[in-house]
Amino acid sequence: YFFVFFFQAEDGIRDPLWSRGLGDVYKRQVKNNVIVLIGKKSGDINGNLLILEVGTPIDPTQKIKRKQMFQSAPDVGTADFPVLNYISEKNALAYIVSKLGYLYVHELYTGCMIYRQRISTDLIFAACKHSETDGMLCVTRKGGLLLVTVDQNAIVNYIRTECPQTPDSVGFAFKMAKFCGLPGAEGLFADQFNKYLSEGDYEKAAKIAVEAPNGMLRTAETIQKFKAAPQQPGGKGQPLLRYFSMMLETGIKLNGVETMELVKPVLASGRKDLVETWVKGDKLEYTTELGLSLIHI
């Protein structure tokens, strides 16, 4: 039995792609476009879960190609097999429902199973997306309606503490929080940022600060840490300017605090044209302080 689902993962927004929409994969700027296949041969207890990249992502280092064993519940033997599959677009999870009513949840970046539980003793024969929760609505043969979803405030901590079968569960929880913008890994982001900063790896420290969910590290304190960091030899530039450059180059709009910390030294060096270019490109947050700074030049 094979089931094929197409979906695309974009910054914070992921749209399901069925076969009729495959052409859109190559027209839109997305992080990952993957095809998910689940296969189980008749007579086998377990099957295979394949997650394959369609095309090449913007960041080639994030290309996804995973093959994992699809492990049926231990008490079902060869009688059970997957019948429904749905992708949680916000959380990059695959919800898989079997003939005997078992729910299997697999994470898409590694393919690992993070949850397995029987949710119905009746046959689940249909399912669709539940837009409000990005979950899956299931209908049973007897007319029962089930909602499958995850608690976004708890999933990261659950993976860290309740998924020993997942290789490097802490590292995986960190990546999931980063890619999906989920809460629960704030301490991990702060620790990673401080680690790279103390090692003088300002590029990685800046990347962590920029990618942390909900802008949690884009604060005045982070700016002060970059300002206090010693400049590296070899013409690599000031750590703070490299931090700002990373955001500008990746199209991230600076917040009010970041805007003024960047604009003041640039204006002092006589480069008003740079600031005007950033303003026209909507890369700076418009504030009264910014307006006054430009007027007085």
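Me: Which residues in α3 are buried?
Reply: This is a predicted model, in which local features need pLDDT of at least 70 and side-chain atom pairs count only at pLDDT 80 or more, while totals for chains, interfaces and linings use all residues. Residues are numbered from 1 along each chain as its sequence is written, and side-chain values use heavy atoms, with hydrogens and water left out. Helices (H or I, at least four residues) and strands (E, at least two) are DSSP runs numbered from the N terminus; buried means under 20% relative accessible area, exposed over 50% and partly exposed in between, with a 1.4 Å probe and protein chains only. On that basis, the buried residues of α3 are Leu188, Phe189, Phe193, Tyr196 and Leu197.

Me: Within what arc do the buried residues of α3 fall, seen down its axis?
Reply: The arc is that of the directions from the helix axis to the C-beta atoms. The buried residues of α3 line one face of the helix, because their arc is 160°.

Me: Which residues are exposed on the other side of α3?
Reply: The buried set includes Phe189 and Phe193. On the other side of α3, the exposed residues are Asp191 and Ser198.

Me: Which elements do the buried residues of α3 pack against?
Reply: Contact means heavy atoms within 4.5 Å. The partners of these buried residues are α1 (155–162), α2 (169–180), α4 (202–211) and α5 (220–228).

Me: How far does α3 reach from its first C-alpha to its last?
Reply: Helix α3 covers residues 186–198, which is 13 residues. The expected span of a helix is 1.5 Å times one less than its number of residues. The expected value for α3 is 18 Å, and its reach is close to that, at 18 Å.

Me: How many bridges pair β7 with β8?
Reply: Strand β7 spans residues 93–98 and strand β8 spans residues 102–107. Ala94 stands opposite His106 in β8, and the partner of Ile96 in β8 is Tyr104. The two strands pair in the antiparallel sense, and the number of bridges is 5.

Me: Which residue in the hairpin of β7 and β8 takes a positive phi?
Reply: This hairpin has 3 residues between the strands. The positive phi is near 90°, and the residue that takes it is Gly101.

Me: Which residue in the turn between β8 and β9 has a positive phi?
Reply: β8 and β9 run antiparallel and are joined by 5 bridges. Tyr102 stands opposite Arg118 in β9. The hairpin has 5 residues between the strands, and the residue with a positive phi, about 85°, is Gly111.

Me: How many bridges pair β6 with β7?
Reply: β6 is mostly covered, with 6 of its 7 residues buried. The bridge partner of Ser88 in β7 is Leu93. β6 and β7 pair in the antiparallel sense, and the number of bridges is 6.

Me: Which residue of β12 is the bridge partner of Leu137?
Reply: An open sheet of 3 strands has the order β10-β11-β12, with antiparallel pairing. Strand β11 (residues 135–140) is joined to β12 by 4 bridges. The bridge partner of Leu137 in β12 is Leu147.

Me: Is His130 buried or exposed?
Reply: His130 is in strand β10. Not counting residues up to four places away in sequence, His130 touches Gly135, Met136, Leu137 and Leu147. With a relative accessible area of 18%, His130 is buried.

Me: How far apart in space are Gly144 and Ser120, C-alpha to C-alpha?
Reply: Gly144 lies in the loop between β11 and β12, and at 27% relative accessibility it counts as partly exposed. Its contacts, leaving aside neighbours within four places in sequence, are Cys138 and Val139. Gly144 and Ser120 are 24 residues apart in sequence, and their distance in space is 9.1 Å.

Methods: Pairing = 2+ DSSP bridges.
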